[in-house]
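Here is a short report on one protein model. Look at the sequence and the structure first, then read on.

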Amino acid sequence: MLKLHHAPNSRAGRIVWLLEELQLPYELNRMEFSPKALKSDEHRARHPLGRVPVLEDGEVMIYESGAIVEYLISRHSDGTLKPAVNSPLFPKYLQWFHYCEGMVMPPINTIVVHTLLLPPERRNEETLGQAKRLLVKALEPLNENMAGKDYMIGDLSGVDFMLGHACYMSRRVGCMPEDMTQLHAYVKRLEARPAFEKGIKT
Ligand SMILES: N[C@@H](CCC(=O)N[C@@H](CS)C(=O)NCC(=O)O)C(=O)O
């Protein structure tokens, strides 16, 4: 049985969403999003930095949300949700998949740290402003990419579990300008999927 180590309002939502789309049976270990839960010896034995998500599959223990998405798609999806290596969509799949943690999530992390996680006296307005500008810039190519498409590479794929969640987060932190109409429509499209809804609400 697959087991997902999870905390609310985190990237673990990407994995719940994928597990639900694939209709795979799984068990959830729900932890609080708190140092007490995430930095416990028990959880550090699963992830040395005490982070989520972590997935267990029998003998396998794997962390990094992108690696988990790829793992589930490769081992548990019967060839769906990923273009074949020789497909013209494959390079775009790789590009956008890695663009998520490489370009979009770093400024989101900074925004979350400087609005929610740090105590008010340690928050820095300049760092926050710079992260917000960087995030908007990182979203621009995604908004352009969405022209004429329902999902990031056309059909729903592994990319959406990464970038779809990151776009949802970007809107949530108030960094998706109104004129990014294609990206707003994309996030609304995702929100209409019950599995996505479950992913972000679990
Ligand atoms: N690149 C990692 C990031 C993991 C990560 O930072 N997770 C956050 C939640 S979204 C976390 O566990 N934070 C707890 C902490 O920083 O103590 C991934 O994609 O899984």
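## Around the ligand

The shell around the ligand divides into three nonpolar, four polar and four charged residues. Here Ala, Val, Leu, Ile, Met, Phe, Trp, Tyr, Cys and Pro count as nonpolar; Asp, Glu, Lys and Arg count as charged; the others, Gly among them, count as polar. The surrounding residues are S10, R11, L38, G50, R51, V52, P53, E64, S65, G66 and E101. A residue is near a molecule if its C-beta atom, placed from the backbone, lies within 6 Å of it.

This is a predicted model: local features need pLDDT of at least 70, side-chain atom pairs count only at pLDDT 80 or more, and totals for chains, interfaces and linings use all residues. Residues are numbered from 1 along each chain as its sequence is written.

## Two domains

The protein is divided into domain 1 (2-76) and domain 2 (90-201). These bounds come from an automatic or database domain assignment. The C-alpha centres of domain 1 and domain 2 lie 20 Å apart. Their contact takes 12 residues from domain 1 and 11 residues from domain 2. Two residues are in contact if their C-beta atoms, placed from the backbone, lie within 7 Å.

On the side of domain 1 that touches domain 2, α1 (12-21) and α4 (65-76) are the elements that give two or more residues. α1 gives the most, with seven residues. By class, this side of domain 1 has five nonpolar, two polar and five charged residues. Helices (H or I, at least four residues) and strands (E, at least two) are DSSP runs, numbered from the N terminus.

## A bent helix

Where does helix α5 (residues 90-117) bend? The bend is at M105, by about 50°, and a proline, P106, follows within four residues. The bend is the angle between axes fitted to the seven residues ending at a residue and the seven starting there.

The buried residues of α5 include Y93, W96, F97 and M105. Buried means that 20 or more other C-beta atoms lie within 10 Å of a residue's own, with C-beta atoms placed from the backbone. The cover over the buried residues of α5 includes α4, α6 (125-145) and α7 (158-172).

## The nonpolar core

A nonpolar core is a set of buried Ala, Val, Leu, Ile, Met, Phe, Trp, Tyr and Cys residues joined through C-beta atoms within 7 Å. The largest one has 46 residues, and L163 and A166 touch the most other members. α5 gives the most to this core, with nine residues. Each of domain 1 and domain 2 supplies at least three residues to this core.

Leaving aside neighbours within four places in sequence, A166 is in contact with C100, V104, M105 and I108.

Definitions and conventions:
Buried ≥ 20, exposed ≤ 12 C-beta atoms within 10 Å, placed from the backbone.
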